[in-house]
Amino acid sequence: MSDKKVFDLNKHTFRLLQQEPFFASLSRRIHKSPSQAVPTAGVRINPHNQQFEMIYNPEFMGKLTDKEKLGVLMHEFYHVIFEHVTTRLPSEGMSMKWNVATDLAINSHIADMLPEGGCIPGKAGTPFEKYPVGLSAEAYLKIIENDEQFKKDDGQGGQGGQGQGDGQGSSLEDHAFDDHSGWGDVDEETKQIAKEHLKDAMKKAAEDASQGNGWGTISSDVRKQIMDAITPKVDWRKVLRYFIKKSQR
């Protein structure tokens, strides 16, 4: 039996997120589990408890610098914040194109914190060097679908890894960073329950950030998205129908 200690991300998370109050608070409400089944890291909805969880390969995480570990944590949490796992998953389901599009949207915010190999818009020497920075996943998906570099790519598959390629253009699998397998594998009811759990967690994290040391590196645009997501929305159609019924009675 090997005496080599297995890397435990939970023991490092607080230290890594000290300068990121919002992410630190959110992290406390997202379970993190080691797994050799994924090559890098990923987030998914656990179908048994209807909660979001982060899974990570301990060997992969253990080799990263502290800055890169922080970048991976924030990358995975951004997937959850931006609802890439739930509401915004395309109707046709998971694909490698959506995988890469969501990574491009996130990495616009944390480009200087990631390990080598991530999909970073505007980065020289990569297939994405002419891609604008700061777009949504949906906008990047449209660009990818019309990009001649990827015309030979079938766009299928939700998991990162090394693509086979055919010598006629770039394969998206060669550039996928984290593991998106499991997205869309739960039913709609489970997604909604998980989304409500997440909304509560984000609300508490936003309160902690507002009352504590600030929002860290989160931009004002992303902060607005977060506040919009946790602000209760009034369905005025339902209110009007209720008012009309009451008036008629």
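Rings of Phe, Tyr and Trp (its six-membered ring) pair if their centres lie within 6.5 Å; planes under 30 degrees apart count as stacked, over 60 as edge-to-face and the rest as tilted. Here, Phe22, Phe23, Phe77, Tyr78, Phe82 and Trp215 form one aromatic cluster. This is a predicted model: local features need pLDDT of at least 70, side-chain atom pairs count only at pLDDT 80 or more, and totals for chains, interfaces and linings use all residues. Residues are numbered from 1 along each chain as its sequence is written, and side-chain values use heavy atoms, with hydrogens and water left out.

**Aromatic pairs**

- The whole structure holds 9 aromatic pairs.
- Tyr78 and Phe82 are a stacked pair, because their ring centres are 5.3 Å apart and their planes lie at 25°.
- Tyr78 is buried, at 1% relative accessibility (buried means under 20% relative accessible area, exposed over 50%, partly exposed in between, with a 1.4 Å probe and protein chains only).
- Phe82 is buried too, at 7%.

**Nonpolar core**

- A nonpolar core is a set of buried Ala, Val, Leu, Ile, Met, Phe, Trp, Tyr and Cys residues joined through side-chain atoms within 4.5 Å.
- The largest one has 63 residues.
- Phe22, Phe23, Leu26, Met54, Tyr78 and Ile81 have the most contacts inside this core.
- Helix 4 supplies the largest share of the core, 8 residues (helices are DSSP runs of H or I, at least four residues, and strands are runs of E, at least two, numbered from the N terminus).
- Leaving out residues up to four places away in sequence, Phe23 touches Leu17, Met74, Phe77, Tyr78, Ile81 and Ile218 (contact means heavy atoms within 4.5 Å).
- In soluble globular proteins, nonpolar side chains tend to be buried together.

**Sheet and helices**

- An open sheet of 3 strands has the order 1-3-2, with mixed pairing (two strands pair if DSSP finds at least two bridges between them).
- Strand 1 and strand 2 (41-46) are the edge strands, and each pairs on one side only.
- From one strand to the next, the twist averages 30° (axes are lines fitted to C-alpha atoms, for helices over the stretch in contact, and angles run from 0 to 180 degrees between N-to-C directions).
- Strand 2 and strand 3 (residues 51-56) run antiparallel, joined by 6 bridges.
- Gly42 is opposite Ile55 in strand 3.
- Helix 4 packs on the sheet and touches strand 1, strand 2 and strand 3. The direction of helix 4 makes about 35° with that of strand 2.
- Helix 7 lies across strand 2 and strand 3, at about 85° to strand 3.

**Salt bridges**

- The whole structure has 9 salt bridges (a side-chain nitrogen of Lys or Arg within 4 Å of a carboxyl oxygen of Asp or Glu).
- Arg15 pairs with Asp66, with the closest N and O atoms 2.6 Å apart. This pair links distant parts of the chain: Arg15 sits in helix 1 (residues 13-16) and Asp66 in helix 4 (residues 66-81), 51 residues apart.
- Arg15 is partly exposed at 40%, and Asp66 is partly exposed at 37%.
- Arg28 and Asp208 meet at 3.4 Å, N to O. They are 180 residues apart: Arg28 is in the loop between helix 2 (21-27) and strand 1 (31-34), and Asp208 is in helix 7 (residues 188-211).
- Arg28 is exposed at 58%, whereas Asp208 is partly exposed at 32%.
- Glu53 bridges to Arg44, with the closest N and O atoms 2.6 Å apart. Glu53 is buried at 6%, whereas Arg44 is partly exposed at 32%.
- Salt bridges with shared partners join Arg15, Asp66 and Lys69 into one network.
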